[in-house]
Amino acid sequence: MSIIFNEKTKTITLHTKNTSYQMKIGNLDYLLHLYYGPSIPDEDMSCLIMQYDRGFSGNPYESRSARTFSLDAQPQEFSTQQQGDFRTSSIEVVNSDGSYSFHGKAVNYKISKGKYQLSTLPSVFAGRDDTADSLEVTLCDVVSNIQVTLLYGVFEEADIITRAVKVTNHGKNPVYLKKIMSMCLDFLNGSDLDLISLPGRYGQERQVERQAMTHHIHNIGSVRGSSSHQQNPFVILCDREAGEDYGRCYGFSLVYSGNFLAEAELDQYDQLRFVMGINPKQFLYELKPGQVFECPEVVMAFTSHGFTALSHLYHDFYRTNLCRSKFVSQVQRPVLINSWEAAFMDFDDVKLVEIAKAAKNMGVDLLVMDDGWFGKRDDDNSGLGDWFVNETKIKCGLHKLVEQINDLGMKFGIWFEPEMVSEDSDLYRAHPDWAMEIPGRHAVRSRNQIALDMSRRDVQDYLIEKVNAILDDANIYYVKWDINRSLADIWSNALPPEKQGEVYHRYVLGLYRVMDKIILTHPDILFEGCSGGGGRYDPAMLSYYPQYWVSDNNNPIDRLKLHYGTSFVYPTCTMGAHISDSGRFVPLETKAVVAMCGTFGYELDATHLSKEELAICKEQSQRFRKYYHITFKGDFYRLTNPFQMGNMTAWQHVTKDKKESLLSVVVTNLTCNGPQEYIRAKGLDADAFYSINGGPQIRSGSSLMNAGIPINREVPEYSAFQFHLVRQDEA
Ligand code: GLA
């Protein structure tokens with residue numbers, strides 16, 4: 001059992017392969033946090049906590065004249081409200097008498113085998129080859145009878161601890177939750193920690209930013225109704241000196257697709273509090289007697305060995321313990337061609353078949369019909385919500401079109417944007433009240449479309465019925481699920497005024513229900529997520545989709561940064577990456593090398609390619625398949641940082657057994673007559689010998705990792721190289 005309760009010291013210690021986490025039912029039954037870091041035995045770490053009489057940091061009533069125990073200075077497992085802890089709180093509840101107070105004390109704990117369950121939200125699971133243990137610790141406020149249950153999932157082998165929270169109203173009257181975080185972690189000293197986050201914008205998602213902790217609340221979050229392009233629900237706290245290969249790193253990844261918040265507060269005594277969960281902005285959730293509120297899960301990982309090791313923990317775990325699709329591991333992903341940048345909405349069935357015929361010669365497996373096939377949809381001002389085939393464009397009907405594509409030996413995919421409605425649509429005309437518009441006000445337009453009120457059961461049922469009807473009508477192999485705006489005008493016509501503070505979260509719950517009924521009921525369809533590119537690229541979405549469109553920005557040089565940032569937490573096998581016309585001065589080979597970092601495909605008009613280009617693409621598709629077992633299942637290494645000035649960006653995939661590796665390099669900026677550059681490999685077997693691209697040269701893993709590979713600088717700018725390294729096992 002990886003969870004141990006020590007009766008004598010009242011400590012609870014969680015152990016994974018390389019880490020330990022400890023809490024203690026301490027003074028006056030407050031639950032104190034003692035430790036998270038490299039493995040320790042079951043010793044009581046409360047020796048770390050010093051207690052002083054601190055000015056202006058008060059003491060709980062029960063302390064009476066003893067002045068040294070202050071919740072303002074002690075590390076808490078779940079920070080409370082109005083108890084003299086003035087740091088950021090994990091909970092804010094408005095009681096039925098109007099008071100804002102929650103005095104949570106530990107009343108019981110439960111240790112069990114297996115992973116705890118969340119019933120309303122996606123969460124990670126124990127895989128086929130690993131086990132998990134769970135801990136529940138209940139904090140109770142005896143006056144209001146509100147109980148907060150802290151949930152911990154311990155994945156010993158994977159070195160992962162998950163956290164979530166359930167709040168139950170055992171009182172006699174309704175209360176309102178104003179803020180309820182999924183986790184709190186108090187560090188005894190945080191002044192030497194940095195925070196790394198993944199901010200961005202449309203077309204430039206998940207860029208990497210690093211900031212030193214100073215004495216205020218550092219706040220990372222989204223209030224756009226989705227996890228967003230602008231921030232990602234992933235944060236690293238690390239040593240100031242930490243880099244790819246060294247330094248303590250803590251990772252926090254929230255399995256949620258709506259508004260989120262991560263706060264890191266360096267307090268007056270240089271302690272650091274970190275909380276993460278649903279963003280409290282416009283959040284006011286009524287909890288009636290007997291009702292339970294579930295918070296989304298945070299997946300935590302720790303390593304002393306830098307960012308690469310931390311990324312590997314997340315990559316391995318998210319490849320096996322998050323996504324419920326068989327495509328995540330059992331089935332090789334197809335090389336696809338998408339109609340968007342080929343034709344935008346200007347296509348018909350004949351054009352699609354022409355593209356497919358040309359793409360067949362490129363070695364493509366799957367044609368995706370993107371936006372424009374439904375309702376009245378010649379531009380993006382109309383049609384959303386009308387999920388029936390536009391027969392002026394698809395004249396032969398969907399069934400026949402799919403048959404024609406299948407007859408070419410190719411599979412067929414289709415695009416949906418279920419959560420949106422156009423004002424100019426049959427759906428809006430029939431159900432204007434289904435759109436998110438505040439009565440008496442005009443809703444903000446974004447791409448001239450309005451969000452549907454996904455919190456409504458009737459809206460959910462409409463979408464489930466319409467989308468499933470299309471999926472069941474034809475032989476559809478792939479679906480791209482898009483959402484192309486941020487939510488504003490938060491309002492539901494189906495809820496009374498006092499429940500409007502629930503709409504943001506209910507939207508997300510409604511979305512998950514729709515996805516359950518569409519995605520989980522079609523296990524043979526490969527789903528890819530998208531939100532104007534990578535605007536909702538989060539673990540909850542990846543629990544449905546094995547792949548996600550990284551960005552609408554297909555420029556391969558920008559993609560180097562996009563892939564780099566995304567890879568800090570998300571495995572490269574989830575990264576939707578295509579070759580398009582974007583990046584005019586970049587050779588086709590470089591585009592292919594960059595797209596092979598992810599799921600690989602094309603997004604261009606194949607009918608315009610020359611015979612030679614078609615043949616080049618065919619070779620690229622075959623190469624992607626040849627390297628699939630390395631890039632989809634191997635360990636990923638960031639060899640250079642594209643955000644720093646340098647002439648090359650390089651990355652590497654290595655199979656788990658270190659027998660094969662694919663090392664990729666893009667030359668981004670060559671200075672005239674500059675120095676020779678070498679790219680040093682990582683992750684190889686130092687004592688083994690490797691061939692390079694099947695050539696006669698054999699080099700040791702040690703020399704490849706320490707001396708590196710010289711990169712020919714007599715090449716045009718934006719050239720790319722791939723080095724396929726194969727271990728020379730003795731016969
Ligand atoms: C979004 C997606 C694109 C494309 C368009 C269609 O922007 O990111 O790939 O599907 O929508 O409208």
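**Close-up views of a predicted model**

**View 1. Strands E27 and E28 pair in an open sheet.** Strand E27 (residues 526-529) runs parallel to strand E28 (residues 547-549), with 2 bridges between them; strands are DSSP runs (E, at least two residues), helices likewise (H or I, at least four), both numbered from the N terminus, and two strands pair if DSSP finds at least two bridges between them. Gly529 is placed opposite Tyr548 of E28. The open sheet has 9 strands in the order E29-E28-E27-E26-E23-E22-E21-E31-E30, with parallel pairing. Its edge strands, E29 (575-576) and E30 (579-580), each pair on one side only. The model is predicted: local features need pLDDT of at least 70 and side-chain atom pairs pLDDT 80 or more, whereas totals for chains, interfaces and linings use all residues. Residues are numbered from 1 along each chain as its sequence is written, and side-chain values use heavy atoms, without hydrogens and water.

**View 2. Arg273 and Asp186 form a salt bridge.** The N to O distance is 2.8 Å; a salt bridge is a side-chain nitrogen of Lys or Arg within 4 Å of a carboxyl oxygen of Asp or Glu. Arg273 in strand E17 (residues 272-278) and Asp186 in strand E10 (residues 175-187) are 87 residues apart.

**View 3. Asp370 and Lys480 form a salt bridge.** The N to O distance is 2.8 Å. Asp370, in the loop between E22 and H4, and Lys480, in strand E26 (residues 478-481), are 110 residues apart. Asp370 and Lys480 are buried.

Key. Buried < 20%, exposed > 50% of the residue type's maximum accessible area, 1.4 Å probe, protein only.
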